[in-house]
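Trainee: I'd like to learn how to read a structure like this one. Could you walk me through it?

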Amino acid sequence: MKNMFNTLKKLLCFLALTAVTSAISAAEKDTTFVATGNPIVSYKYLGDPAAMVYDGTVYIYAGHDECPAPEQYYLMNEWCILSTKDMKTFTEHAYTFKAKEFKWAKGEAWASQVIEHNGKFYWYVTVEHATIPGKSIGVAVADSPTGPFKDARGSALITNDMTTQYTSIPWDDIDPTVFIDDDGQAYLFWGNTQCYYAKLKENMIELDGPIMPINLPRYTEAPWIHKHGEWYYLSFASEFPEKLCYAMSKNINGPWEYKGILNELAGNSNTNHQAIIEFKGKTYFIYHNGSINPHGCGFRRAVCADLLEYNPDGTIKRIQMTTEGVFK
């Protein structure tokens, strides 16, 4: 009887281990699906999208909103990756990048952006610093747009104590975005209540000069730089609750001319965050709202996409958020 009991115990342990292994294997598989409208992903909450086009593929990087319903607070521990070759069929990659992989950080996976340079992929992120009070910007690097990524510096690129001459709030150093100009010079833009920018060195992980402020009316956060024709565009979240506005310039260093509202309030989301990319002859405006029923909100957000169009003078037509998105 004892031998039978031991045999049964071993069998149950084996079955349990097999079940756990199967679950882990399933969790490690990429998920492919066809998007039929906004939001693009409806089975999990994602916010603060950034996008990159590389080698005929669009990559979307977004923070994972994990706040359980009906609670109302930000809970983000990791960033997720989506990719698509046609803006219809998407793959969510099983690999996620966690904020605590920066050993100097407490966590908190706030807004981020990935950019390619010389065959490497640099992921600029907002995290909470473990020893310097306030939000900080870190940078990770990988050989592939889908990772694995690792801390490129072993320390923060931007910390809150570097910008105290402009504002005393501990969350002004957030929402990094990077733009590489036609001459190869890379620039980092970021900031809450105050927009900042600085040149980056060729290695993409060090500043190459002073931090400079940009004065924009109604500016709150979420800067994004893109270029179309001879114009540079600086779009940003404005006021609170946030709509999106933009400014234009003929030079990456400004001066920037404010042009007004780009996208209206996102309804049940207090925040707004955008990425603008050109892909296969179209310009896509990728953003978040709180449209996943029944529990979507500003703390459980959803990634969406609509088309962006320009007027003959280079200004941008106001964007209408739609349920159909770019998939109709």
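Trainee: Let's start with a turn: in the hairpin of S15 and S16, which residue takes a positive phi?

Mentor: First, some ground rules. This is a predicted model, where local features need pLDDT of at least 70, side-chain atom pairs count only at pLDDT 80 or more, and totals for chains, interfaces and linings use all residues. Residues are numbered from 1 along each chain as its sequence is written, and side-chain values use heavy atoms, with hydrogens and water left out. Strands are DSSP runs of E with at least two residues, numbered from the N terminus, while helices are H or I runs of at least four. Now your turn: Glu239 has a positive phi near 60° in that hairpin, which puts 4 residues between its strands.

Trainee: And how many bridges hold S15 and S16 together?

Mentor: Two strands pair if DSSP finds at least two bridges between them. Strand S15 (residues 231-238) and S16 are antiparallel partners over 7 bridges, and Leu234 stands opposite Ala247 in S16. S16 also pairs with strand S17 (residues 257-263), again antiparallel, through 5 bridges. There, Cys245 faces Ile261 in S17.

Trainee: Is S16 covered or open on its faces?

Mentor: For that you need a cut-off: buried means under 20% relative accessible area, exposed over 50%, and partly exposed in between (1.4 Å probe, protein chains only). In strand S16 (residues 243-249), 7 of its 7 residues are buried. Both faces are covered, with Lys243, Cys245, Ala247 and Ser249 on one side and Leu244, Tyr246 and Met248 on the other.

Trainee: What about S3, and why is it called largely enclosed?

Mentor: Strand S3 (residues 57-64) has 8 of its 8 residues buried, so the rest of the structure largely encloses it. It is joined to strand S2 (residues 46-54) by 7 antiparallel bridges. The two make a hairpin with 2 residues between them, and Asp55 in the turn has a positive phi of about 55°. S3 also pairs with strand S4 (residues 78-84), antiparallel over 6 bridges; Gly63 sits opposite Trp79 there.

Trainee: Which strands stand at the edges of the open sheet, and why does one side of each lack a neighbour?

Mentor: That open sheet has 4 strands in the order S10-S11-S12-S13, with antiparallel pairing. Strand S10 (177-180) and strand S13 (212-214) are at the edges with a single partner strand each, so one side of each has no neighbour in the sheet.

Trainee: How do I read a nonpolar core, and which residues have the most contacts inside the largest one?

Mentor: A nonpolar core is a set of buried Ala, Val, Leu, Ile, Met, Phe, Trp, Tyr and Cys residues joined through side-chain atoms within 4.5 Å. The largest has 39 residues, and those with the most contacts inside it are Ile40, Ile60, Met87, Phe90, Leu262, Phe285 and Ile286. A second, separate core of 21 residues includes Ile81, Trp123, Val127 and Ala156.

Trainee: Let's finish with one residue. Where is Thr315 found, and is it buried or exposed?

Mentor: Thr315 is in the segment after strand S20 (302-307), and it is buried at a relative accessible area of 15%. A polar contact is a pair of N or O atoms within 3.5 Å; within protein, one must be able to donate a hydrogen and the other to accept it, and residues adjacent in sequence count only if both atoms are side-chain atoms. The Thr315 side chain makes one with the side chain of Asp313 (2.6 Å).
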